[in-house]
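User: I'm new to this one. Could you walk me through how to read it?

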Amino acid sequence: MDMKERMQLPRTAMPEQEPKVRARNFDEVPLGYTPEMALIEAQRCIQCKQPACVQGCPVGVNIPAFIALVAEGKFVEAAMKVKETNALPAVCGRVCPQEEQCESKCVRGLKAEAVAIGRLERFVADFERSQGEVACPECTLKTGKRVAVVGSGPAGLTVAGDLIQRGHSVTVFEALHKAGGVLVYGIPEFRLPKAIVEAEINYLERMGVEVRTSSVVGRIFTVDELFEEGFDAVFLGTGAGLPSFMNIPGENLSGIYSANEYLTRSNLMKAYRFPEYDTPIVRGRNVAVVGGGNVAMDAARTALRLGADNVYLIYRRSQAEMPARSEEVHHAEEEGVQFKLLHNPVEYLGDERGQVKAVICRRMELGEPDASGRCRPVEVAGSDYEIAIDTAVIAIGSGANPLVQGTTPGLETRRGNYIVADETTGQTSRKGVFAGGDIVTGAATVILAMGAGRKAAQAIDAYLAELPDK
Amino acid sequence: MSVRILERVQLSEMVFKLVFEAPLIARKRKAGQFVILRIHEKGERVPLTIADADTEAGTVTVIFQAVGKSTRQLSMLSVGDEILDLVGPLGQPTHIEKFGTVCCIGGGIGVAPMHPIMQAMKAAGNEVIAILGARNKDLIIMEDEFRRRADEVLITTDDGSAGFHGFLNLALEETYLKPGRKIDLVVAIGPVPMMRAITDMTAKYSVPTVVSLNAVMVDGTGMCGGCRVIVGGEVKYACVDGPEFDGHKVDFKSLGERQRTYIEQEKQSDEHYCRCLKGGN
């Protein structure tokens, strides 16, 4: 194919389940490229000498190089190329906001559509996994240095993957019974199949990472005790795990969940397969989800799949201000989530058993832009009305989990109890203690946490090199 | 991270004691803290307050009532069996100091989590009165353990088959508060209506009262917010801010309602389990 033909190829669509069908099952929505689709899409990359896409990637994946390998049909080699800088390609190919990162910088996007980098990344990772046992890079170098990683979410897993490859011994401590953090408790099966997360963690374990689940740092070990146990450095990647509520009347009624709880019950505990699995979840017929981010979309789409007749997404601004990825908003709309935009809940009403039966919503209108640059929602007086519901899910964000901060003397925190860490190294106010991801920045994305993990891993590696040999 | 069962004792018709091999938790736990266990891959996360621990032997003891599917499955395990995971210690430890005279009140299965608190209160130099209540005399548990350590033990039964005939709040009033016995602190653990009745009673006599709340929870680390309770008008998480709170400030009505969220599902789970046991599915 010559350059002119390549320039004329349209962006290859990814097949997905029909909205009506998928809204009632938990199987993954996008089905992924076939090898034929990947070969064509890879032709669209013009192999820029100065690839802007790489600048847009928080972990600096060598995008043109892996796409060139795809174009040659060397899919496994392409996956290995991605893995040089990204420990979790099958995850990132699915949940990264590529439209804001690599793909937003793609020169093809100037005149037509950007190369589907995320879909290709997903394809090569899935292809490699489908070939059976994924090859594991041999690491013979052993530095004898030990690193404790607290939290097994995207930041922690990236740190673990990077440091094990540099010959350090790595132990990951996870509070829950399963490793993966938000990848297993937060993001639903239909967006990120748990088998994929398991495979990526299994890969790290085969490289030598030790994962200790059911170990709550701050309770079973403090950070100081980890040093006493012989760890030379500690990385804190405990995430933004503390759910926020609106503190409005009736919010404590039975049937009102935080998004964390709703999603954890469904995803981690597999309550959607109750009673085969033991953990229950309220299968509401009329569900209100409050919020406009990705988590709100996940909760709303989960509610549909749990059998709801009506799922209302209540958001106080308009669609333009929604923090959710447009793809997620689009999927939710297609599946039948009813958007109540410029609406804000002001009170929940309960029945005689204390079970939520309605939400009172107030209409809003957009005013002047606020500190976030988005238009401030202003209440419309006298506009309150009731929506009958039996379940509500509050997805308005989450804060820093305080368990580690409260038990680590000398660890500097800032407002909201987030850990203060250097932006380029993750270094905290404590020697040998590094931090990154949501616990530093507040709730953000998987890939930004991985980017922070990548930088911290480099800094930890440098720090360990300075330590005397044991 | 499976955990072995070293000892199993049936304490009453429905109440069982299991001793787990868990040296790290045994070393760290303090009175008032709890663990969360999961029996098998499809199991739920079951929070249970630690009833005892032995640092030297490296063991943690839980005592539970076999009331739903999970606890019934747990009750059927034997010595040498393993559960899939056990996490802890979770929650804030009991605030222990020398208060003077501390009255430890356990209702039903609430007697078990009271045990380490009673021990710690005694060790801190308090005079400890224990009041242990149950529906009838066969359901009284751990009486010997309490008699060994506490200065006084009063048994109460709803049916009068042993000790004081009547509810715990009345036993407390008739035996101690009305006669004017000086009590500096009451700690009460048991079903919500019982804790509510005790705190109503102690409010009348202005005796500070701590209660331990068994709210529905998933992770136990502050992540799900399912265990939120209203204390003094503020939302608190039983798992990380508690489980113990000032009983006079707890909104028991809200707690009781939230605890009943899954009553239907629990029945369904139980029925499903019974069918499975019979070989159907």
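**Domains and cores**

Analyst: Chain A is split by the domain assignment (automatic or from a database) into domain 1 (3-130), domain 2 (146-241 + 400-465) and domain 3 (246-398). This is a predicted model, where local features need pLDDT of at least 70, side-chain atom pairs count only at pLDDT 80 or more, and totals for chains, interfaces and linings use all residues. Residues are numbered from 1 along each chain as written, chains are lettered from A and ligands numbered from 1 in written order, and side-chain values use heavy atoms, without hydrogens and water.

User: How much area is buried between domain 1 of chain A and domain 2 of chain A?

Analyst: Buried area is the accessible area (1.4 Å probe) that two parts lose on being put together, summed over both. Here that's about 2000 Å², with carbon and sulfur atoms giving 72%. The count of salt bridges (Lys or Arg side-chain nitrogen within 4 Å of an Asp or Glu carboxyl oxygen) between domain 1 of chain A and domain 2 of chain A is zero.

User: And what is a nonpolar core?

Analyst: In soluble globular proteins, nonpolar side chains tend to be buried together. A core is a set of buried (under 20% relative accessible area, 1.4 Å probe, protein chains only) Ala, Val, Leu, Ile, Met, Phe, Trp, Tyr and Cys residues joined through side-chain atoms within 4.5 Å. The largest one has 80 residues, and A:Val70 is among those touching the most other members. A second, separate core of 56 residues includes B:Tyr176 and B:Phe252.

User: Which residues does A:Val70 touch?

Analyst: Counting heavy atoms within 4.5 Å as contact, and leaving out residues up to four places away in sequence, A:Val70 touches several residues, including A:Phe75, A:Leu120 and A:Val124.

Terms used
Buried means under 20% relative accessible area, exposed over 50%, partly exposed in between (1.4 Å probe, protein chains only).
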